[in-house]
Amino acid sequence: MAENTITVTVAYGTAKHAITLTGKDGDEPVLKDLSETLAEMTGVPIPSQKIIFKGKSLREMDSSLSSFGIKQGCKLMMIGKRNSPEEETELKKLKDIEKSVELTSKKLEKVDGELTGLRNGFLAKDLQAEALSKLDQRVKSTAEQFMKLLEQMDTMSFPENFSDCRMKKKGLVKTVQDFLAQCDRIEAGISDHLAKIQSKNLALAD
């Protein structure tokens with residue numbers, strides 16, 4: 001078996017889970033890899049997990065399993081509460097929004113790349129103004145999509161004990177706000193480039 005693959009048994013309640021982990025990029029598996037797998041298998045969210053090995057609670061997520069003395073075939077224990085079905089439902093909604101954010105951000109990336117191309121003169125000067133106005137429309141519609149996602153999250157409110165949902169929503173709102181700021185920057189870049197082209201055209205006309 002490769003050095004970066006390890007199988008351990010984790011007891012949770014009355015169940016025992018045999019988990020095989022393979023480290024990323026040839027590195028050894030770290031505690032975070034185990035924690036993420038346990039979250040998928042047991043439904044216990046990472047912040048609620050307490051992973052115990054030889055009576056000690058393991059906390060350093062980026063430390064390799066071997067640094068805790070965990071070897072092939074070792075037995076560990078986990079305690080922690082699953083999210084309520086209600087919270088899981090809300091989390092699923094947030095995950096759907098997260099997917100929409102990712103898809104929308106790809107559109108923004110594309111516009112940004114095309115704007116860079118125009119700035120680098122990849123298009124004939126006389127075609128640039130039209131191309132820029134199309135890019136401007138695309139940025140505006142992307143910003144609108146981000147705004148809709150923000151509004152959607154704004155209507156979601158969670159009880160105090162839905163800590164996973166609260167954390168996820170907070171992170172997503174911040175991400176969307178960052179993308180909206182990027183939309184503003186790209187729009188400013190488009191106006192800026194358009195102004196340069198127009199002033200050059202005027203100069204040529206004179």
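A residue counts as buried under 20% relative accessible area, as exposed over 50%, and as partly exposed in between. In the predicted model described here, glutamate 130 has a relative accessibility of 48% and is therefore classed as partly exposed. This residue belongs to helix 3, which covers residues 125–154. The C-alpha atom of glutamate 130 lies 9.5 Å from that of leucine 194, although 64 residues separate the two in sequence.

Threonine 104 falls in the other class. With a relative accessible area of 6%, threonine 104 is buried, because the limit for that class is 20%. Threonine 104 is part of helix 2, residues 85–119. Leaving aside residues up to four places away in sequence, the contacts of threonine 104 are Thr142, Gln145, Phe146 and Leu149. Across the protein chain of 206 residues, 35% count as buried.

The protein chain contains 4 helices and 5 strands. Read from the N terminus, the order of elements is β-β-α-β-β-β-α-α-α. The strands form an open sheet of 5 strands with mixed pairing, arranged in the order 2-1-5-3-4.

Strands of a sheet pair through backbone hydrogen bonds, in either a parallel or an antiparallel arrangement. Strand 1 (residues 5–12) pairs with strand 2 (residues 15–22) in the antiparallel sense, over 8 bridges. Within this pair, threonine 9 is placed opposite alanine 18 of strand 2. The hairpin made by strand 1 and strand 2 has 2 residues between the strands, and glycine 13 in this hairpin adopts a positive phi near 65 degrees. Another antiparallel pair is formed by strand 3 (residues 50–53) and strand 5 (residues 75–79), with 3 bridges. Here isoleucine 52 stands opposite methionine 77 of strand 5. Helix 1, residues 31–42, packs on the sheet and touches strand 1, strand 2, strand 3, strand 4 and strand 5. The direction of helix 1 makes about 135 degrees with that of strand 2.

Two annotated segments were examined for their secondary structure. An unreviewed UniProt entry lists residues 28–85 as "domain: Ubiquitin-like". Over residues 28–85 the chain is 22% helix and 21% strand, with 34 Å between the end C-alpha atoms. The unreviewed UniProt entry also lists residues 107–187, as "domain: BAG". Over residues 107–187 the chain is 84% helix and 0% strand, and the end C-alpha atoms are 14 Å apart.

Overall dimensions were computed for the protein chain. The radius of gyration of the protein chain is 25 Å, whereas a compact globule of 206 residues would have a value near 17 Å. The C-alpha trace spans about 85 × 45 × 20 Å along its principal axes. The protein chain exposes about 12,900 Å², of which carbon and sulfur atoms supply 53%. Among contacts in the protein chain with a separation of 6 or more, 68% come from residues 24 or more positions apart.

How values were computed
Residues numbered from 1 in each chain as written. Predicted model: local features only at pLDDT ≥ 70, side-chain atom pairs only at ≥ 80, totals over all residues. Heavy atoms only, no water. Pairing = 2+ DSSP bridges. UniProt positions renumbered as here; feature names shortened; annotations may be inferred. Contact = heavy atoms within 4.5 Å. Axes fitted to C-alpha atoms, helices over the stretch in contact; angles between N-to-C directions. Rg over C-alpha atoms; globule rule 2.2 N^0.38 Å. Buried < 20%, exposed > 50% of the residue type's maximum accessible area, 1.4 Å probe, protein only. Areas by Shrake-Rupley, 256 points an atom, 1.4 Å probe, with all protein chains shown as cover.
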